[in-house]
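Subject: Handover of a structure

Dear colleague,

Please find the structure below, passed to you for your own work. My findings come after it.

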Amino acid sequence: QVQLVESGGGLVQAGGSLRLSCAASGRTFSSYAMHWFRQAPGKEREFVAGIGWSTGFTYYADSVKGRFTISRDIAKNTMYLQMNNLKPEDTAVYYCNAGARPGLRVSGPYWGQGTQVTVSS
């Protein structure tokens with residue numbers, strides 16, 4: 001049984017930083033990618049960043065490029081999202097996702113429960 005557990009969300013002022021974590025258990029995703037998505041109130045869930053689990057290749061939404069960094073620790077089966085220079089428009093529930101093909105900005109079948117990020121102006 002696959003489990004993805006996010007942590008690290010919270011309230012931060014504009015310009016601040018947060019680091020999200022996603023711990024995976026139940027399987028490894030060596031042939032797949034792990035992604036971060038987010039959903040703001042009243043909006044559709046959108047792709048934020050992705051990483052090929054075995055290659056470490058990363059890709060980002062234009063809205064976060066240069067401010068967010070995705071990474072992973074293979075030994076810990078954990079993915080991270082370092083978010084710098086946060087803006088109020090980054091406020092959303094952030095979801096960990098796994099199982100998609102690397103490089104495709106689509107979701108795989110596995111989701112975490114989400115963690116709230118709130119950026120105050």
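The notes below treat the chain as a whole and then one residue.

This is a predicted model, in which local features need pLDDT of at least 70 and side-chain atom pairs count only at pLDDT 80 or more, while totals for chains, interfaces and linings use all residues. Residues are numbered from 1 along each chain as its sequence is written, and side-chain values use heavy atoms, leaving out hydrogens and water.

The chain has 11 strands and zero helices (DSSP runs, E of at least two residues for strands, H or I of at least four for helices, numbered from the N terminus). Its radius of gyration, taken over C-alpha atoms, is 13 Å, close to the 14 Å of the globule rule (2.2 Å times the number of residues to the power 0.38) for 121 residues, so the chain is as compact as a globular protein of that length. The C-alpha trace spans about 40 × 25 × 25 Å along its principal axes. Of the 121 residues, 45% are buried (under 20% relative accessible area, 1.4 Å probe, protein chains only).

H35 belongs to strand 4, residues 33-39. The relative accessible area of H35 is 0%, so this residue is buried. Its side chain forms a polar contact of 2.8 Å with that of Y59 (a pair of N or O atoms within 3.5 Å, one able to donate a hydrogen and the other to accept it; residues adjacent in sequence count only if both atoms are side-chain atoms). Beyond neighbours within four places in sequence, H35 is in contact (heavy atoms within 4.5 Å) with residues including F47, M79, Y95 and L104.

Kind regards

Terms used
Buried < 20%, exposed > 50% of the residue type's maximum accessible area, 1.4 Å probe, protein only.
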